[in-house]
Amino acid sequence: MADLSSEQSQEVLQNHRNFARRSYLSRMAGLALGFVMTAAVLLQNQSPFWYWIGPAVHCFVGPQIGWWLARRAANPREAERRNLLADHFLGGIWMVSMQFNLLPCVLTVSLLSMDSMAGGGARLLWRGLLWQLAGVLLGIAVFGWHWQPASSLATVLACLPLMICQPILISYIARKAIHRLKKQSLELRHQSQHDGLSGLFNRTHWERLVRAEFVRFRRHGEAAVLVLADLDYFKRINDLHGHAAGDEAIRRFSAALSRVLRETDICGRYGGEEFGVLLPLTSAAAAREVLDRLRRDLHEQPLLEEAMVTASFGVAELTADVPSVEAWLRLADQMLYRAKHLGRDCVVVLGEQSAVTVPGPLEAPSAQPSYSTLRTLGDPMKVARLLSGLDMGDVPLALFDPSDRLAVANPAFLTLFAVPRDAVSFGDIIRHCHAQRVGPNVVSDDIEAWLRAADAKRRSQPQRNFLVDTCDGRWYRASETSYSDGWILLLLLDVTDKSPSTRAPL
């Protein structure tokens, strides 16, 4: 137990002591009944008085000595196994003193073997039988060889209590042990699936349930909604009121979820102050009603007395054009970031007008688009609405859907990125640029790691600006903005001189 923590060591030690205590009670009862059986045989054989001393000491004093040794041992379980081996050895001696009376000897061997198998498995059983054989040999040396296998009626009757009671006692102890192990197994299963602080499902198990719901949708087409929620300004709560207050806010928010949502809704702690909710058989409109009610509940029943704690919610309904669970999660995540961008304490639902009205430098004026060519892989009407009023001329611009598939690209973008005809996604385009050394200068030995890093930046920053240099030496100022239906990449040519030391990858 040296490699375990102090708390774990104490728990293991207590388990060993409990095993020794159960064995002590079983041994006291079994040996007391065993003495009745042995006494009947000694009376039948008219054995001398000194034959009685050893069995009497073993059956009435032995359990007390064994329990005393087990309580004081560093490993009580191992000490109890040594006690079982001692029982085998002494039982072998008393078999000789009973002159191998058949029924008592068979009971001695079988019941001791049952104890050893229950206490230590086959290995302890075979060790016990070897010690029992050693006891028989020593008994022959002490008592001599006498063979009287026949049992009188009195001996048979004396064997009956042990024959009946000991298996029942062992079965009772085994049943309690099985019940205890089952309870521990359920507790471990609960701990492996639930978050310790909130009591909700942990992220791993919650995502497993989300995947199961996605498979069910693919099979039966049943509606489902995914919600990602985040407690607003949570770091400020920890900084101003302490981490204990933050933990209490998480616990009370979890209670609010359970109070407002249905029993069939699946809630999980996604990480930190972020939560996930799966609403089976629910539409986006119904989900909004529920979440608005939850928001009101947070205002009417504050999570903390010392501060008002609100939450932001991103909602994505599962539809046939969502290609994967990851894309579904990402849609909800984008809506959550949109909710924070809109000022927090609100619900943003994918597809609603509030989710696509994006302020900022790319907000559309009233002019009409003037693209000579559109490369469209998605819904052209939806794309036209999102890009309505943008007149970029020769400015490279492209729109990608939430799963990073290219929806629209103007000729300037297609030329700058040398987009091949078979390119479907942003990843396809960048892999092509990296392999052919065309378009943006992607400085990375691991293109997949670069793509994952770019995706992480896009998720964490709904709107960001950065410099891009191309393989032909030109520089662009890129603007990347995430929308509910995807994201837009726009590049403006930068004529400012750039030294080689300032080159930066896309």
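I take buried to mean under 20% relative accessible area, exposed over 50% and partly exposed in between, with a 1.4 Å probe and protein chains only.

The model is predicted, and local features need pLDDT of at least 70, side-chain atom pairs pLDDT 80 or more, while totals for chains, interfaces and linings use all residues. Residues are numbered from 1 along each chain as its sequence is written, and side-chain values use heavy atoms, without hydrogens and water.

Entry: Arg458. I looked up its accessibility: Arg458 is buried, at a relative accessible area of 4%. Arg458 sits in helix α15, residues 447–460 (helices are DSSP runs of H or I with at least four residues, strands of E with at least two, numbered from the N terminus). Setting aside neighbours within four places in sequence, I find Arg458 in contact (heavy atoms within 4.5 Å) with Arg330, Asp404, Phe426, Arg464, Glu480, Ser482 and Trp487.

Entry: α4 and α5. I find that the axes of α4 (102–143) and α5 (153–193) come within 11 Å and cross at roughly 10° (axes are lines fitted to C-alpha atoms, for helices over the stretch in contact, with angles from 0 to 180 degrees between N-to-C directions). α4 is therefore roughly parallel to α5, a label for angles under 35 degrees.

Entry: nonpolar cores. I use the term for buried Ala, Val, Leu, Ile, Met, Phe, Trp, Tyr and Cys residues joined through side-chain atoms within 4.5 Å. The largest has 33 residues, and Val227, Leu231 and Phe253 are among those with the most contacts inside it. Helix α8 gives the most to this core, seven residues. Another core, apart from it, has 25 residues, including Leu406 and Cys433.

Methods: Parallel < 35°, antiparallel > 145°, perpendicular 65-115°, else oblique.
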